[in-house]
Amino acid sequence: MRIIIYGAGGIGGGIGARLALAGHEVVLICRGQHLQAINSRGLLLKAPEGEFCVPVPAVGHPREVDWREGDVVLLAMKTQDTETALRDLEQAAGTAVPVFCAQNGVENERLASRRFENVYATLVAMPATFLVPGEVIASAAPLSGCLHSGRYPGGSDVTVAQVCDALAGSHFHAQPSTDAMALKYRKLILNLGNGVEVIVGRSAWSAGGELGEFVEHVREEALECYQAAGIVPVSSAEYAERVTSHYRAQDVGGESRSASSTLQSILRGHETTEVDYLNGEIELIGHLHGVPTPYNSVVREVATRMAAARAQPGSVTLEELRAMVAATVNRRAARP
């Protein structure tokens, strides 16, 4: 089995490097200066136990891969880039290639299922940093993270077992999981703070209680939406047992992880974010089931606008953000 990592940034690059170091055949698909750096000097993986220069083949587009029977694709780009990537993948590899969605949110599996016969959900819980072309920091120990997978929308099969076995032998906690989407819906709750970080900046977490209270409101809205929609995520306790208890973020080179994956995209100069598919997913569920979502609506709208304008994280304060939520509540209450 050869694993094609499509979107080899922090997550995809980290997974690909770990698989290659364990002796698995891997091909990376990435772009720009990152692709150039990998092809010229290999992918540099920085981890708590040391640094590894990993020689791994990398291409810029699915059509450059010599597709063959037994290939498996692991998607790791941000959701806003998924639809274009899937279109290119289908044209290059056909509809039968197995596609594992190792991405945040719950929209990628829906998108992939419109085009591919075998789609898999992969929970991604992996502290990683990608800010420098050709370098990925995997900052967790004793394992690099957790990557449980299952068929979409549920179940398991031989391909799941093979992929999980490869990952489990490559510094990850990875198990076949018939309820992978229930795990991903719980992870979505945790990722709802990413958009807040894009707005108020990483340093705002030092405000402690006030920011934590705001994010709690964001997450409470999501749970209300889940309940209205009949969505049942795994509990926080079960998620901790199956996922976060198996790794801890560590300093690498004397530095801690710099930002969430969403904020890292902004720091690399991107003008789009995945918040449309994180907080925006909660907005969508709320619209479908009549649940107000002013906190998630404001976070999605402001983070998206700031990214498009290349505004610096922290240029909107927590106080201003709270005022926007209050104004949204009042405006919606005044509707006839």
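Which strands does helix 1 lie across, and at about what angle to strand 3 does it run? In this predicted model, local features need pLDDT of at least 70 and side-chain atom pairs count only at pLDDT 80 or more, while totals for chains, interfaces and linings use all residues. Residues are numbered from 1 along each chain as its sequence is written, and side-chain values use heavy atoms, with hydrogens and water left out.

Helix 1 (residues 10-21) lies across strands 3, 4, 9 and 10, and runs at about 90° to strand 3. Helices (H or I, at least four residues) and strands (E, at least two) are DSSP runs here, numbered from the N terminus; axes are lines fitted to C-alpha atoms, for helices over the stretch in contact, and angles run from 0 to 180 degrees between N-to-C directions. Those four strands make up an open sheet, ordered 4-3-10-9, with mixed pairing (two strands pair if DSSP finds at least two bridges between them). Strand 4 (50-54) and strand 9 (128-129) sit at the edges with a single partner strand each, so one side of each has no neighbour in the sheet. Further in, strand 3 (residues 43-47) and strand 10 (residues 135-138) run parallel and are joined by three bridges; lysine 46 has isoleucine 137 of strand 10 as its bridge partner.

There is also an open sheet of seven strands, again mixed, in the order 5-2-1-6-7-8-12. Its edge strands, strand 5 (58-59) and strand 12 (149-151), each pair on one side only. Two bridges tie strand 2 (residues 25-29) to strand 5 in parallel, and isoleucine 29 has valine 59 in strand 5 as its bridge partner. Helix 6 (residues 180-191) packs on this sheet, touching strands 7, 8 and 12, at about 45° to the direction of strand 8.

Then there are helix 7 (residues 193-200) and helix 8 (residues 209-229), which pack at about 140° with their axes 10 Å apart. The two are therefore oblique to each other (under 35 degrees is roughly parallel, over 145 roughly antiparallel, 65 to 115 roughly perpendicular, and the rest oblique). Gly193, Val196 and Val200 of helix 7 meet Leu211, Phe214, Val215 and Arg219 of helix 8, contact meaning heavy atoms within 4.5 Å.

As for aromatics, the structure holds three pairs. Phenylalanine 100 and tyrosine 120 are stacked, 4.2 Å centre to centre with 5° between the planes (ring centres of Phe, Tyr and Trp, the last by its six-membered ring, must lie within 6.5 Å; planes under 30 degrees apart count as stacked, over 60 as edge-to-face and the rest as tilted).
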